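Please look through the structure below before reading on. The paragraphs after it go from the whole chain to its parts.

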Amino acid sequence: MQDLPISSPMFLGIEIAIYILLAIPLFVMGQKTEQDYPWFAFIPILNVVLMLQIADKELWWILLLLIPCVNIVIMVMVWMAIAEAMDKPEWLGILMLVPVVNVIVPFYLAFG
């Protein structure tokens, strides 16, 4: 049996499917908060712009996300603001630090 390299088309298809699956909650949150361009959720880097718009933060916060260690704190603050915008408890943003749970929280915020 031949080993498949990580760059095989099958892995690329799986990666794209996972990316789209994880972008869907952000798209729904963009629609619920009546953002102008909720489709930004599916485009890398623009999805961060959409998150900042949902969280009602300024776009210069993107620069803070480029600073190591600071980006963790800023991302938690953004997710806390997103949770508040979705009428959920702010502390859900802290759960974005927990592996596996950080995949579930956006779905809860979007569909819960």
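Among contacts in the protein (heavy atoms within 4.5 Å) between residues at least 6 apart in sequence, 38% join residues at least 24 apart. The model is a predicted one, in which local features need pLDDT of at least 70 and side-chain atom pairs count only at pLDDT 80 or more, while totals for chains, interfaces and linings use all residues. Residues are numbered from 1 along each chain as its sequence is written, and side-chain values use heavy atoms, with hydrogens and water left out.

The protein has five helices and zero strands, where helices (H or I, at least four residues) and strands (E, at least two) are DSSP runs numbered from the N terminus. Along the sequence the pattern reads α-α-α-α-α. Taken along the principal axes, the box filled by the C-alpha atoms is roughly 50 × 30 × 25 Å.

Of the 112 residues, 32% count as buried, meaning under 20% relative accessible area with a 1.4 Å probe and protein chains only; exposed means over 50%, and partly exposed lies in between. In soluble globular proteins, nonpolar side chains tend to be buried together. Here the largest nonpolar core has 25 residues; such a core is a set of buried Ala, Val, Leu, Ile, Met, Phe, Trp, Tyr and Cys residues joined through side-chain atoms within 4.5 Å. L26, M29, V78, W79, I82 and L109 have the most contacts inside this core. Two or more residues each come from α1, α2, α4 (70-85) and α5 (101-111), and α4 gives the largest share, six residues.

Two of these helices, α1 (residues 9-32) and α2 (residues 46-54), pack at an angle of about 30° with their axes 10 Å apart. The axes are lines fitted to C-alpha atoms over the stretch in contact, and angles run from 0 to 180 degrees between N-to-C directions. The two helices are therefore roughly parallel to each other, a term for angles under 35 degrees. Y19, L26, M29 and G30 in α1 meet N47, L50, M51 and I54 in α2. Leaving aside neighbours within four places in sequence, L26 is in contact with A41, N47, L50, M51 and I54.

Two loop residues remain. Most residues other than glycine have a negative phi. I45, in the loop between α1 and α2, has a positive phi near 75° and is exposed, with a relative accessible area of 64%. D56, in the loop between α2 and α3 (61-64), has a positive phi near 60° and is exposed at 69% relative accessibility.

Definitions and conventions
Angles under 35 degrees count as roughly parallel, over 145 as roughly antiparallel, 65 to 115 as roughly perpendicular and the rest as oblique.
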